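Welcome, and thanks for taking a look at this one with me. Here is a short briefing to read alongside the sequence and the 3D view.

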Amino acid sequence: MKILALGAHPDDIEIFMFGTMAAYAAQGAELTFAIATDGAKGGKSDPVVLARVRREEATAAAALLGAALRFLDFPDGELVADAALIGALKALIRETGPDLAITHAPNDYHADHRALSDGVRIAASFGVPVLHADTMGGTGFSPTHYVDISAHAEIKARAIRMHQSQDPDRFVDGARMQNLFRAGQCNGAQGSLAEAFRFEPTFPFADIRELLPPAPPIRKVMVSTKRVD
């Protein structure tokens with residue numbers, strides 16, 4: 001199994017889908033992480049310095065899973081689904097030959113996320129199915145699939161914390177809250193964690209369940225046995 005994860009910025013894969021990447025790694029999948037922008041506007045530091053630091057942070061996070069890392073190095077905050085981006089994404093897909101591509105939702109909060117989502121959809125065409133990750137805070141997102149990341153919560157938090165330039169604890173806390181909610185939403189066991197995704201079937205890809213790690217086990221819904229007199 002070859003999985004291509006695409007994030008707009010150096011910490012996006014870690015925040016939105018790293019638990020699932022860890023689940024894939026545990027299954028022996030070959031992982032490639034692709035980062036579309038240089039991340040130079042993700043703070044108040046000198047842009048050249050920040051871009052270098054964020055590249056190092058992303059490299060350290062990817063190394064936790066042994067993932068190959070690709071930097072597309074488009075300018076942060078200026079991503080558009082134009083010929084340059086689509087051409088770079090097509091070349092990346094040809095090079096890596098993924099069975100599944102995972103990227104941002106088309107309605108996520110950041111314009112770079114939305115542009116990358118559009119670009120991946122166009123570049124993938126009918127060559128590879130595209131799965132969309134949860135939005136920031138789950139806003140406007142209706143999941144179709146869930147992945148149990150309960151066993152991978154610690155490494156996900158470690159990966160996010162690799163991005164020290166981004167004040168990462170806020171993202172660790174936010175991601176955990178969202179992952180707890182998503183597990184509850186799909187009736188996962190108490191305290192379990194899940195990442196949520198949405199798949200829009202497009203020919204020839206109608207069903208991708210066999211391409212995903214397991215969802216949280218569904219708990220039996222019980223009628224109360226307490227007798228009230």
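## Strands, rings and buried residues

K2 has E30 as its bridge partner in β2. That pairing belongs to a predicted model, in which strand β1 (residues 2-7) and β2 run parallel and are joined by six bridges.

**Strand pairing and crossovers**

- Together, β1, α1 and β2 build a right-handed β-α-β unit.
- From β2 the chain passes through helix α2 (residues 47-63) to reach β3, and this β-α-β crossover is right-handed.
- Five bridges pair β2 with strand β3 (residues 68-74), again in the parallel sense.

**How covered is β2?**

- Strand β2 is mostly covered, with seven of its eight residues buried.
- The relative accessible area of T32 is 6%, and the cut-off for buried is under 20%, so T32 counts as buried.
- Leaving out residues up to four places away in sequence, T32 touches I3, L4, A5, A68, R70 and T96.

**Aromatic rings**

- How many aromatic pairs does the structure hold? There is one aromatic pair.
- The partners are F18 and F33, in an edge-to-face arrangement with 6.2 Å from centre to centre and 70° between the planes.
- This pair links distant parts of the chain: F18 sits in helix α1 (residues 12-26) and F33 in strand β2 (residues 30-37), 15 residues apart.
- Are F18 and F33 buried or exposed? Both F18 and F33 are buried.
- If you are interested in charges over rings, have a look at R55, which lies over the face of F71 at 3.9 Å from the ring centre.

- You will find H132 in strand β5 (residues 130-133).
- Why does H132 count as buried? Its relative accessibility is 11%, and buried means under 20%, so H132 falls in the buried class.
- Not counting residues up to four places away in sequence, the contacts of H132 are T103, H104, A105, P106, S117, F141, A196, F197 and R198.

Technical notes. Residues are numbered from 1 along each chain as its sequence is written. This is a predicted model: local features need pLDDT of at least 70, side-chain atom pairs count only at pLDDT 80 or more; totals for chains, interfaces and linings use all residues. Side-chain values use heavy atoms; hydrogens and water are left out. Rings of Phe, Tyr and Trp (its six-membered ring) pair if their centres lie within 6.5 Å; planes under 30 degrees apart count as stacked, over 60 as edge-to-face and the rest as tilted. Helices (H or I, at least four residues) and strands (E, at least two) are DSSP runs, numbered from the N terminus. Buried means under 20% relative accessible area, exposed over 50%, partly exposed in between (1.4 Å probe, protein chains only). A charge sits over a ring if NZ of Lys or CZ of Arg is within 6 Å of the ring centre and within 35 degrees of the ring normal. Two strands pair if DSSP finds at least two bridges between them. A crossover is right-handed if, with the strands pointing away from the viewer, the path from the first strand over the helix to the second runs clockwise. Contact means heavy atoms within 4.5 Å.
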